[in-house]
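Hi everyone, thanks for having me.

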Amino acid sequence: MDLRDALIRVYESGDPAAALAAVASCIGTDAGARCAVWIEPSGAARAAWPQGAAVSPALTDAALHVPAPHVQPLQPAFPDDAAEHPGGAAMLLPLRDGAGPAGAVVLIGAADDIGDPGPEWEALGHALAHVGTLAARVRELEEERETLRRRAEESEALHVLGLAANRTLDPEQVLQMVARFTRTLLGAHYVTVSALDGERIRTLASAGLRTAASGDDPFAARVAEAGKPLTLEAGAEGLVDEPFHAAEGMRSGLGVPLALYAETFGALVVGYRRPYEVTPRDVRLAMTLAGHAAVAISNARLHGALEERSRELERANEELRWSAEAKDRFFASVSHELRTPLNAILGYNSLLIDGVVGSLGPESRAMLERAQRATNNLLFLVNDVLDLSKMEAGKLELVIQPLSLYEVLDEAVSTVTPQVREKGLALAITPHVELPPLRSDADRVRQILVNLLSNAVKFTDRGTVSVAVAAVDAAEGEGEVRHWVEARVSDTGPGIAPEDQERVFHEFEQVSGASSRGGTGLGLPISRKLARLLGGELRLESAPGRGSTFILRLPAADA
Amino acid sequence: MPSAAPAVQDARALAERAADEEGHGRWDGAARLYALAFRAAVLDRALPEAANALRGQARMRHQQGRYDEAEELAGLSLEMAERSGLRQEAARALNVLGTLGLIRCDWDTARAMFDRTLELALDIGDDDLAGLACLNAGVVATNVGDPREARALFLESIGAFVRSGNSSNAMRAYNNLGMASAELGEWMAAELYFTRGIEIAERLSSPPMLARLYCNRAEPLVRVGETERARASLGRAEEIAASLGDRTTLADVGRLRALVARVEGDFAAADELLEAAHSLVGDDPALIWQRADYFMEAGHLREAQGRRPEARDFYVHAEKAFLSIRADSHAREAQRHAAALPA
């Protein structure tokens, strides 16, 4: 092959070995006598033709130092090469690319076959340098691609671990998973995950330990304190100078801190029982895995705190429940125990007032009558408290049946008539209108009406207490109409300021001026609760100086 | 370094030829060549070569179904390696013994062997072997019905294969991880793992694994309601499996197509597809898993059709088939389904 053909083949080859073979074909036809070696600037062989061919260090050195193509007889300067190629000569071809010297090529053949080192050999040198540079670049890119591929696989594997860890609710399992995965990803013999617990550092999870971790690990504590990766190397005796890890046979180790939200609270330690040089890759991966462990520990702590808080709340709730039940039991029991003696007092008092045991003087009678009123009031209070406690405990029993509001109203009016007469008030009932029946508890409706009427009488000094009833239809939702029966109890008393109107329905609260008129402050709250229990409502319309109207609305039987 | 003695060179050359035969699935030829390699190695007292050749012979006996001989040869290889301090050869022999335990359904022995393999592999820094030990131990965990442990082991194997850079084994580990996740009912994660395996298989141009991965990915897709993608995945699996003549995957594809049809309420199509899958499975003892899975799917289909006595019969058949391969957890599942139906 002539040099021009060789030049074309070199450019076409794109590969140092093939390019070298093309050039070698230019130095004669005796294949047995020929060889070619491509030498790197460092002196290392990059390619050889045929495979395994080599030249002596002296010839290598000479080739790297010639400024231009040069023919060199092997004898006597290079006896080693001459011994392998008797009668041979070498063409020393320096290679240069844009950056400068790029090594050299040595071609050995029969002395007669090696031509003159003219410009064509120089062109071949340039071509070989060009191919070499390109091949080196390709190799670099391939290495880079391989590095990126491995990085991508690492990231993918870490992502997979994260995915599996996220699907595990038990933090211990997650830490165990992290420890085991770290062990193989870093090719280590064992891995521990430790966390600070006050003054101590405890091993929470491990993989590959020979003995169950019991004592503290001062190295892990040191890593946590330093807040950065630390390594351990075996000393002259072959083991590391850390009792915990020496007992495990560690000869090389790496510890990285467990940190989250700027808080370092433990360490992940990777142990090798063989000599091993920790790489930056190991540190990077260990740091990432420590992040997984840190999140798991943090979650466990949050979970623990949450559970403790839940337990506290549960305890508090239990206490509240118990207190509420105790209060109900107390009210029920006390009210019951009070009612019995109060009834006895009322009974004996009545006997005294009625003169059953002898006549009384006017003063004694007046005193006994006062005592009778006070005892009655106390009995009302006790009954109210009992009702209230039953309602709050959800134990008030209702007897629901069809009833006429008029009948119940008549009974209520007759109950308060004596008081109305006593105060010289007028009591007006609206003319009879037709009302639908109610399905309700007659006793409780009566209780509400008596309460409203008594209040009206109590707060009215002059004028009228009036009761008006009506059937009311109210639209509810789309096209739906509900039927109600309303009783409006009005007085001509002082009226109630807007800001006090809701307070009158609060237990044990009385608005300004009410306390002087007696009462427990429980009547209206009980009435509203009863109205609501019966499926209705009790509300107030009032203005200072213009009297008050309490409106009781109850569902009609067909509602 | 002085060049090796001629006998050792012979042993190595023979072992290389045997490995080549093994790679082509020609077990008899490979077994003969490994035997010759062993003799050549013994002639020159070349222990590593002898241990390797014995291990190769054990693998071939395993492939030929001659498990007793395989175990004996692997045991001898282990003893030779251990007595000579050849830790890498010992670790590899242990792995072969573990695999034989797996074949014999001797889970305890298999797991013990794989644990020892892992320890030795970590000692000698052989990440690939460490990964294989974890991968195989994961298969044991799957078979004893512990998918959580299996998942942890498959994750460990991925860690090791990423470290060794062996994408081919990593691809298998992703497939197994997907199977364990599916076993745990973690369908979305399973789909992701199979997809990861597919990406690697595409890159490595590995049609057998690609067919398996596409097939395995179908059920998670069905479970997360992506029946169209499941159908496409099965189509791809079928195409590749048909070109390879892979009956196992084709049988699974048929069964999974029936599952898709059943989930979509097309019971007539499901019946037809299942029948086709059954004809592929036949009585082939190598396809016992596929037959058991077929019985299970047939049970589900009959149950969905309201044909409960037939469904029960299929579940009973599935239970028996699973028990015959010691897939106890699967057998229990089949038994649970059968028990829920009237006799």
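So, where do the two chains meet? In this predicted model, 19 residues of chain A are in contact with 23 residues of chain B. On chain A's side, α5 (119-166) and α6 (171-185) each supply at least two of the residues that touch chain B. Which element gives the most on that side? That's α5(A), with nine residues. And if you sort chain A's side by class, you get eight nonpolar, three polar and eight charged residues. As for the scores, the model comes with an ipTM of 0.84 and a pTM of 0.66.

Okay, let's stay in chain A and look at its sheets. One is an open sheet of five strands, and you can read the order as β2-β1-β5-β4-β3, with antiparallel pairing. Which strands sit at the edges? Those are β2 (45-49) and β3 (70-73) of chain A, and each of them pairs on one side only. Going from one strand to the next, the twist averages 20°.

Now zoom in on one pair here. β4 (residues 88-97) and β5 (residues 100-110) of chain A run antiparallel to each other, joined over nine bridges. Helix α3 of chain A, residues 57-65, packs on it and touches β1, β3, β4 and β5 of chain A. The direction of α3(A) makes about 125° with that of β5(A). Then there's helix α2 of chain A, residues 16-24, which lies across β1 (35-39), β2 and β5 of chain A and runs at about 45° to β2(A).

Next up, another sheet in chain A. Five strands form this open sheet, in the order β12-β14-β15-β17-β16, and here the pairing is mixed. Quick reminder for anyone new to this: strands of a sheet pair through backbone hydrogen bonds, either parallel or antiparallel. At the edges we find β12 (426-429) and β16 (537-542) of chain A, each pairing on one side only. Ignoring direction, neighbouring strands in this sheet are turned by 20° against each other on average.

Let's zoom in again. β14 (residues 464-475) and β15 (residues 481-490) of chain A pair in the antiparallel sense, over 10 bridges. And what is the bridge partner of Val467(A) in β15(A)? It's Val489(A). Helix α11 of chain A, residues 405-423, packs on this sheet and touches β12, β14 and β15 of chain A, with its direction at about 160° to that of β14(A). Helix α13 of chain A, residues 523-533, lies across β16 and β17 (548-555) of chain A, at about 135° to β16(A).

Last stop, chain B. Its mean pLDDT is 92, and 97% of its residues reach 70 or more. Among the elements of chain B, helix α1 (residues 6-23) has the lowest mean pLDDT, 84, while helix α7 (residues 127-143) has the highest, 96.

Here's a helix pair to finish on. Helices α3 (residues 47-63) and α5 (residues 87-103) of chain B pack at an angle of about 15°, with their axes 10 Å apart. That angle is why we call α3(B) roughly parallel to α5(B). The contact involves residues including Ala51(B) and Ala58(B) from α3(B), and Val96(B) and Leu100(B) from α5(B). By class, that contact has seven nonpolar, three polar and four charged residues. And the crossing of α3(B) past α5(B) is left-handed.

Methods
Residues numbered from 1 in each chain as written. Chains lettered and ligands numbered in written order. Predicted model: local features only at pLDDT ≥ 70, side-chain atom pairs only at ≥ 80, totals over all residues. Axes fitted to C-alpha atoms, helices over the stretch in contact; angles between N-to-C directions. Helix = DSSP H or I, 4+ residues; strand = E, 2+ residues; numbered from the N terminus. Parallel < 35°, antiparallel > 145°, perpendicular 65-115°, else oblique. Left-handed = near helix turned anticlockwise from the far one by under 90°. Contact = placed C-beta atoms within 7 Å. Nonpolar A, V, L, I, M, F, W, Y, C, P; charged D, E, K, R; others polar. pLDDT = per-residue confidence, 0-100. Pairing = 2+ DSSP bridges.
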